[in-house]
Amino acid sequence: MESALHLRHEFLGRGGHALSSRRRLGGGRVRRFVAGTMALAAAGAYVWLVLGGVPPERSGSPARPPGGAPPPPEVADLAPDPEAASLLPRWDDAWAAGLEPATDSAADVVAAGAAERAWAFMVRNYSPRTGLVRAHDDYRFVTMWDVASALAGYYAAGRLGLTDPQDYRERAGRALRTLATAPLFEDRLFNKVYDAETGAALDAETLPSADGYGWSAVDLGRLLIWLRILHDEDPDLAPLANSVVARLDLEAALGDGVLLGRERGPILGSRSYQEGRIGYEQYAARGFALWGGAARTAEDPFANAVIDTVHGRPVPRDVRGADCLTSEPIVLAGMEFGWDATWGELARATLEAQHARYLATDTVTIVSEDASSTPPHYFYYYCVSSGGEPFVVTAKGDGGGIDGPRWVSAKASLAWYALAPSAYTALAVRTVGDGAGDEGWPAGVLEGAPIPSGGENVNTAGVTLEAALYASVGAPFLNPQRAEGSSAPR
């Protein structure tokens, strides 16, 4: 989900993996603004801010951007193609040279070392009071996407033997007990951002708040997937998972078949907005479905799709605009609940386009969303395509694609290699391994040079541990028979 603009949020709604770095007009600033201008102008400024404005990023903050508005109506000028799904290659068709199934001993060694480093990050940033893990070594605020990544890390580390069962259940259990009592936004769903040290809800300025300032349906979807995995695969934690879900009003984030984020502003109050784009939207919708919440339109990646080409390969484009087709939600879906035929087609299209760029440019390409040490945003989305343009880098508040940074994502490389081992995905793993330092596992390495991109974070750690577990067991974590069904807490 540092986790989604989304991109996971208004852009997509981990993300969107995956929030608290945008400035908002706070109470004092609003009062001064209203005092100095007409009420109508104040309302208009707020509408601009929430529905399309771009406040400045908080300097130095590496957090995921908060949820925001859907794209403006003028970008949604395409009609979905009802034949879009049939234009993508099937997952089980023959693969091109370099992508055919193959393992690599050197990549296996890198992956094993990455899991140990990822667990060290989790231990170092663990808060015994709440059971949560700080987003970064020096940044303690977390989203529900971050919380899910921590739960994933605990689960994977316990099954990989990186920690003992008692320690795993103590950490996961404490986190679940925190979620069972954490303040909810409008007493309905988890707020966008919390303090990992105290469990307190935060406002858009990461200041303590009674209930926060909104929720992200996409981040909640990732959390719900991991609550279901813990519920179904660990009986000792099932009652706690139930107690968390039982207090949530899931229907508040569902409407007319889509996912709804919600946000409170300083003048016009709370409003809901459609959240999610191709990839993130379907991944999050599965989380709601696993607990009985239906978002049928959101579950279909081709409901709002046309087909473009990237380096000669067909890829889906979201006609609603503000999209980012990237690795993150696709590899998470494969590891956590498994790819069906539709997910497989989406996965293959995404991976083949990245491989095609490598063939065309000799640049190893594995894109995702990641934290970074690069200012001014410190969290970037590297997209296979966005708005019909190939290999766009974007960030919350940039107003469109930006020049860089461009990096090879460590967690996405490891996950692709676990799910679809090949000469190319092994090359990607070796590439990110070359950039790892003694102090930790980076979010990635810069393209064309083994220079760490910085940004070691809870989402990279969690997904890295997931990839190691998937490579070990060779199957999704959620039992396939249960993954297709749904049930309310019991």
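## Basis

The model is predicted, so local features need pLDDT of at least 70 and side-chain atom pairs count only at pLDDT 80 or more, while totals for chains, interfaces and linings use all residues. Residues are numbered from 1 along each chain as its sequence is written, and side-chain values use heavy atoms, with hydrogens and water left out.

## Helices H4 and H14

Helix H4 spans residues 144-160 and helix H14 residues 458-473. Helices here are DSSP runs of H or I with at least four residues, strands are runs of E with at least two, and both are numbered from the N terminus. The two helices pack at an angle of about 35 degrees, and their axes lie 8 Å apart. Axes are lines fitted to C-alpha atoms, for helices over the stretch in contact, and angles between N-to-C directions run from 0 to 180 degrees. The crossing of H4 and H14 is left-handed, meaning that the near helix is turned anticlockwise from the far one by less than a right angle.

Residues of H4 in contact (heavy atoms within 4.5 Å) include Trp-145, Ala-152, Tyr-155 and Arg-159. On the H14 side, Val-458, Leu-465, Glu-466 and Leu-469 are among them. By class, this contact has 10 nonpolar, five polar and three charged residues. Ala, Val, Leu, Ile, Met, Phe, Trp, Tyr, Cys and Pro count as nonpolar, Asp, Glu, Lys and Arg as charged, and the others, Gly among them, as polar.

Strands S7 (residues 258-265) and S8 (residues 269-274) run antiparallel and are joined by six bridges; pairing requires at least two DSSP bridges between the strands. Gly-261 has Tyr-273 in S8 as its bridge partner.

Opposite Val-306 stands Arg-317 in S10. Two residues lie between these strands in the hairpin, where His-311 takes a positive phi near 50 degrees.

## The disulfide

One disulfide is counted, defined as a pair of cysteine sulfur atoms within 2.5 Å. Cys-324 is joined to Cys-383 with an S to S distance of 2.2 Å. The link is left-handed, with -105 degrees about the S-S bond. Cys-324 sits in the loop between strand S10 (313-318) and helix H10 (327-336), and Cys-383 in strand S12 (residues 379-386), so the pair, 59 residues apart, links distant parts of the chain.

Both cysteines are buried (under 20% relative accessible area, against over 50% for exposed and in between for partly exposed, with a 1.4 Å probe and protein chains only). The relative accessible area is 1% for Cys-324 and 0% for Cys-383.
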